[in-house]
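The structure comes first, then the notes by topic.

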Amino acid sequence: MSDTVVSTEGSQERELLGHPIGLVVCFLTEMWERFSYYGMRTILVLYLVKYHLFSAEKASMIYGAYAGLVYMMPIIGGYMADRYLGSRKAVTYGAILLVLGHGLMGFHGPAAFMDGETVVRNDFYLNLFFLALALIIAGVGFLKANISTIVGALYGPNDPRRDGGFSIFYMGINVGSLLSTALVGYVGETYGWNYGFGLAGIGMLFGLLVFLWGQRLLDGRAEPPNPPELKEKSPIGLNKEYTIYLGGLVMVAVSWVLMQYQTFVGQLLGLSGFVMVGLILVYAFTKCTKVERDRLIVACFLIAIQSVFWALFEQQAASLTLLADQQFNLDVLGMNVLASQVQLMNPLFIVLLAPVMAWLWVALANKKLEPSTPAKFGIAMLLIGLGYIVFSWGMSLDDSTSKSFLWLAFIYLSLTLAELCLSPVGLSMVTKLSVAKIVGMLMGTWFLFTALGNYVAGWISSLTGSSGHGADSGTLDIVATIDVYTTIGYLSGGVGIFILLLTPLLRKGMHGVH
């Protein structure tokens with residue numbers, strides 16, 4: 001009995017179904033936030049190609065810049081929460097910005113049309129669309145890293161339930177994703193894009209209301225580190241708390257500008273990633289013990305390498321959705337599946353397979369055969385690489401075979417198995433390998449490299465389409481797509497083998513953290 005008390009020391013005392021009760025609040029908030037994010041993402045590229053008549057190349061780059069910025073901004077939001085706001089206030093503010101952004105997506109003006117060889121778009125509504133994306137980008141910046149940090153704060157440093165808690169939290173993400181890809185995609189493609197975006201916005205409103213209601217269940221674990229400091233005046237005359245909120249609006253304005261310059265976003269992400277890893281390593285070598293330093297070095301390596309995974313995984317919202325729309329037979333068991341709804345396979349497979357994978361890891365652990373976190377990263381890269389190699393081969397077969405829905409099911413199964421090896425343990429790994437003082441910054445850096453991967457996903461997707469303009473410019477080049485998918489498949493496999501070879505060294509650097 002004493003072992004149990006020691007192992008859960010520092011964890012939240014109030015429990016529900018064996019886990020800290022605050023996990024319920026985090027689960028439901030993240031579920032609705034992901035409902036809104038994945039719902040909007042489900043139809044975004046189709047909307048850009050079919051409603052605004054962007055080429056597949058340009059739509060992919062807009063998607064990549066947006067997805068990249070969405071995952072970059074948690075660096076700033078994570079720092080502001082660590083240093084000033086605390087996670088609770090940061091998540092609340094982020095949720096408000098998200099509600100505004102998703103609500104604005106419902107107002108999209110007249111559709112683009114062809115005037116001879118020229119595409120005519122309404123600039124005012126296009127700018128309103130980019131403003132809506134900017135609000136979502138800033139909102140996720142304040143919410144995403146900090147809701148994960150709250151989950152970590154509910155568990156003591158040696159609580160064996162921590163990994164299970166993150167897995168449950170991760171299921172919230174996928175329940176939200178499952179609901180949204182089924183509903184938002186259907187409403188958007190059937191009744192109108194603005195209705196789909198509006199439905200995503202209603203989901204985010206539910207998320208905000210849940211978090212406001214559930215704050216009392218967090219038992220003060222997400223409060224500002226120094227509440228009196230927030231009341232102090234800033235150089236602009238406001239108190240520091242309101243100055244940070246004003247800075248959030250500046251973040252919106254900057255994101256709006258950046259969305260117009262997609263290539264620059266990629267350069268900014270690459271430079272930011274290099275700088276953040278540099279800062280963490282400087283901190284590791286100047287402020288940390290040897291054990292802390294080694295752990296931070298391993299964390300930085302795994303954080304950087306996961307960007308390759310996301311570049312391949314996020315094709316599902318870009319080139320894979322366009323492929324589903326243009327290349328594949330979507331009649332499944334007598335039902336006509338919409339192109340946007342094909343993305344539903346990822347959360348569906350996760351809901352079905354996550355318990356199986358959890359059982360598998362436990363069974364292997366009991367036999368002392370469970371792969372370490374670095375090994376799981378390597379396995380994920382091998383799985384995703386194999387998926388793309390086989391999928392591209394399937395697309396190269398004769399028309400009657402290559403258009404089968406089974407190829408889509410296969411690539412989504414590969415993506416999901418890889419995700420289950422990497423993503424849940426990745427979030428947990430960051431909180432366990434980090435030094436307490438910079439856990440928000442390290443979590444933000446995880447999302448920054450996720451951002452870089454998401455941007456590269458858009459760039460890879462852009463290589464599969466034409467760069468022309470007009471009603472047919474959204475069509476993918478199938479030969480180019482097969483070549484691109486084969487190349488990234490072999491690249492991913494190579495990265496996987498490299499990680500597995502380094503695994504013994506990485507495990508040594510983790511100093512007992514599993």
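Glu-314 is buried, because its relative accessibility is 2% (buried is under 20% relative accessible area, exposed over 50%, partly exposed in between, with a 1.4 Å probe and protein chains only). Glu-314 forms a salt bridge with Arg-41, with the closest N and O atoms 2.2 Å apart (a salt bridge is a side-chain nitrogen of Lys or Arg within 4 Å of a carboxyl oxygen of Asp or Glu). The model is predicted: local features need pLDDT of at least 70, side-chain atom pairs count only at pLDDT 80 or more, and totals for chains, interfaces and linings use all residues. Residues are numbered from 1 along each chain as its sequence is written, and side-chain values use heavy atoms, leaving out hydrogens and water.

**Salt bridges**

- The structure holds ten salt bridges.
- Glu-314 and Arg-41 form a salt bridge. This pair links distant parts of the chain, 273 residues apart: Glu-314 is in the loop between helix 11 and helix 12 (319-326), Arg-41 in helix 2. Helices are DSSP runs (H or I, at least four residues), numbered from the N terminus.
- Arg-41 counts as buried, at 3% relative accessibility.
- Glu-33 and Arg-34 also pair through their side chains, at 2.7 Å from N to O. Glu-33 is buried at 0% relative accessibility, and Arg-34 is buried at 1%.
- Asp-325 bridges to Lys-50, with the closest N and O atoms 3.2 Å apart. Asp-325 lies in helix 12 and Lys-50 in helix 2, so the pair ties together parts that are 275 residues apart in sequence.
- Asp-325 is partly exposed at 30% relative accessible area. Lys-50 is partly exposed at 40%.
- A network of salt bridges links Arg-83, Glu-229, Glu-232 and Lys-240.

**Pockets**

- Pockets and cavities are found on a 1 Å grid over the protein atoms alone: a cavity is a set of points where a 1.4 Å probe fits but cannot get out, a pocket is an open set with protein on both sides within 12 Å along at least five of seven lines, and lining residues have an atom within 4 Å of a point.
- The largest pocket has a volume of about 700 Å³. Its lining has 31 residues, and Asp-163, Gly-164, Ser-167, Glu-370 and Val-425 are the closest to its centre.
- Helix 13 gives the most to this lining of the largest pocket, with eight residues.
- The second largest pocket has a volume of about 290 Å³. Twelve residues line the second largest pocket; Gly-152, Ala-153, Tyr-155, Arg-162 and Thr-431 lie nearest its centre.
- Helix 5 supplies the largest share of the lining of the second largest pocket, three residues.

**Cavity**

- The count comes to one cavity of 30 Å³ or more.
- The largest cavity has a volume of about 210 Å³. Its lining has 19 residues, with Tyr-38, Tyr-71, Tyr-170, Trp-310 and Ser-423 nearest the centre.
- Helix 6 contributes the largest share of the lining of the largest cavity, four residues.

**Partly exposed residues**

- Ile-202 is in helix 7 (residues 193-214). Ile-202 is partly exposed, at 44% relative accessibility.
- Val-254 is in helix 9 (residues 240-258). Val-254 is partly exposed, with a relative accessible area of 41%.
- The C-alpha atoms of Val-254 and Ala-138 are separated by 9.5 Å, while the two residues are 116 residues apart along the chain.

Note on methods:
Helix = DSSP H or I, 4+ residues; strand = E, 2+ residues; numbered from the N terminus. Points joined across faces, edges and corners; volume = space filled by probe spheres on them.
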